[in-house]
Amino acid sequence: MDLLEHRGKRLFADAGMPVLPSRMALSPAEARAAAGELGLPVVVKAQVKTGGRGKAGGIRLCRAEGEVAAATADILAMTIRGQAVAGVLVEKAVEIARELYLAISSSRAQRGPVLIFSAEGGVDIEEVARRNPGALVRTPVDPLLGLCDYQVRDVVAAAALDPELAGPDGTPAKQALAGVVRALWRLYLDSDATLCEVNPLVVTGSGEVVCLDSKVTIDDNALYRHAELKAEAEAGVEDREARARKAGFAFVALGGDIGVLGNGAGLVMSTIDQIAGAGGSAADFCDIGGGARAEVVATALDVILSMGSVSALLVSIFGGITRCDEVARGLVEVLGQARVDVPVVVRLDGNAAAEGRAVLAEARLPGLTVAAGAAEAVRLVVAGAAAHHGPATRRED
Ligand code: GDP
Ligand code: MN
């Protein structure tokens, strides 16, 4: 389960990590009131479970009182990488002297936690890793030994902070940084996280170390130990990821305009790559897994189309445990209600493919094409998206 920035920052604060005073706001008026309490300047930040908000315009620095409500209204109207903005975090702004990157992440390759640090924060860490891999500190942490002092010292050394630099209360910046690294490790353990990321971790103009952003993912398997977090997440507006989780499939919004639904993570990922190779761009990653029934297919389609940014849809099924005729019935259930007006391309191969194609042929759904294979399906859907004008509308609304 991914936490929104504001929720992650509350965990940071509880773990003793330095964050700035902030308030959540769901309307321009609330944001204006929050800015009044905090004092200007403030930063208004879109609360969506995706990075890259800065680049997308979802983060605005407001110096004057009059700017806050307008910035909030703009941000609340945005969709960032397929996600509607649920609210904004109004946070006291600081003058940034340096941006660092710090994370503890569960690594499949290491089969355990890895501490990652970069003196070049603020930007995509993937980009730093590509451009300047030497700038990254990556150290596996032995879960039984815990984070060792030498690992903390490695991070502090890599940050190359001025030894004289200290915050307004006299705490040396190097010491503050070491404290953040240790606290982040504790938080990772105590919250059963698979990711605790601070990007940027900043050093302010006045020598303070502050966590300016948070990205925390809690292991779904451990959610029963975090009833409070789980309840809060479910009490909020149910997001697409949560709906998918409940229905038992995986969904991630990606920001393109071609909806993708398939069975198996590998199939879906390679389909997304093929779409990109053919000049298209996927709107989502949606893996209904093995053995999915018609009902799951129907929910998955509904989740994908609810993004409102889809101009063509590709369903690619390689039936193993999954029966293609079950998938076909799910498609007929949703598409048969004439709710979708975008081209739909379906590829069915493997278990019960012939039966599945027969179900689709019998239903005679307008706008649905059955492709002869995976490659043709990709070609057809990319062409269909290019020809279709505007995103899907659902006629019932
Ligand atoms: P992300 O783009 O979704 O990762 O959002 P971040 O919270 O990391 O913010 C993106 C960028 O906005 C940061 O790297 C900062 O450069 C800038 N930013 C965020 N908060 C502040 C602030 O309080 N003051 C200033 N000057 N810039 C900020
Ligand atoms: Mn960030």
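What follows starts at the metal and then moves on to the nonpolar cores.

First, some ground rules: this is a predicted model, where local features need pLDDT of at least 70 and side-chain atom pairs count only at pLDDT 80 or more, while totals for chains, interfaces and linings use all residues. Residues are numbered from 1 along each chain as its sequence is written, chains are lettered from A and ligands numbered from 1 in the order in which they are written, and side-chain values use heavy atoms, with hydrogens and water left out.

**The metal site**

The manganese ion (ligand 2) has N199 (O) and D213 (OD) as its protein donors, lying 2.2 Å from it. Donors here are N, O and S atoms within 2.8 Å of the metal (3.2 Å for Na, K and Ca); water is not among the atoms, so sites may look incomplete. The pair brings together distant parts of the chain, 14 residues apart. Helices (H or I, at least four residues) and strands (E, at least two) are DSSP runs, numbered from the N terminus.

| Donor | Location | Relative accessibility |

Buried means under 20% relative accessible area, exposed over 50%, partly exposed in between (1.4 Å probe, protein chains only).

What else does N199 touch? Beyond its neighbours within four places in sequence, N199 is in contact (heavy atoms within 4.5 Å) with L100, Y101, G121, G122, V123 and D213. A polar atom of the N199 side chain also sits 2.6 Å from the backbone nitrogen of G122.

**The cores**

A nonpolar core is a set of buried Ala, Val, Leu, Ile, Met, Phe, Trp, Tyr and Cys residues joined through side-chain atoms within 4.5 Å. The largest has 39 residues, and M17, L177 and L201 have the most contacts inside it. Elements giving two or more residues to this core include α1, β10 and α7 (173-190), and α7 supplies the largest share, 10 residues.

Take M17: leaving aside neighbours within four places in sequence, its contacts are F12, V180, A183, L184, L187, V198 and C211. A second, separate core of 37 residues includes A253, C286, A298 and L313.

Definitions and conventions:
A polar contact is a pair of N or O atoms within 3.5 Å; within protein, one must be able to donate a hydrogen and the other to accept it, and residues adjacent in sequence count only if both atoms are side-chain atoms.
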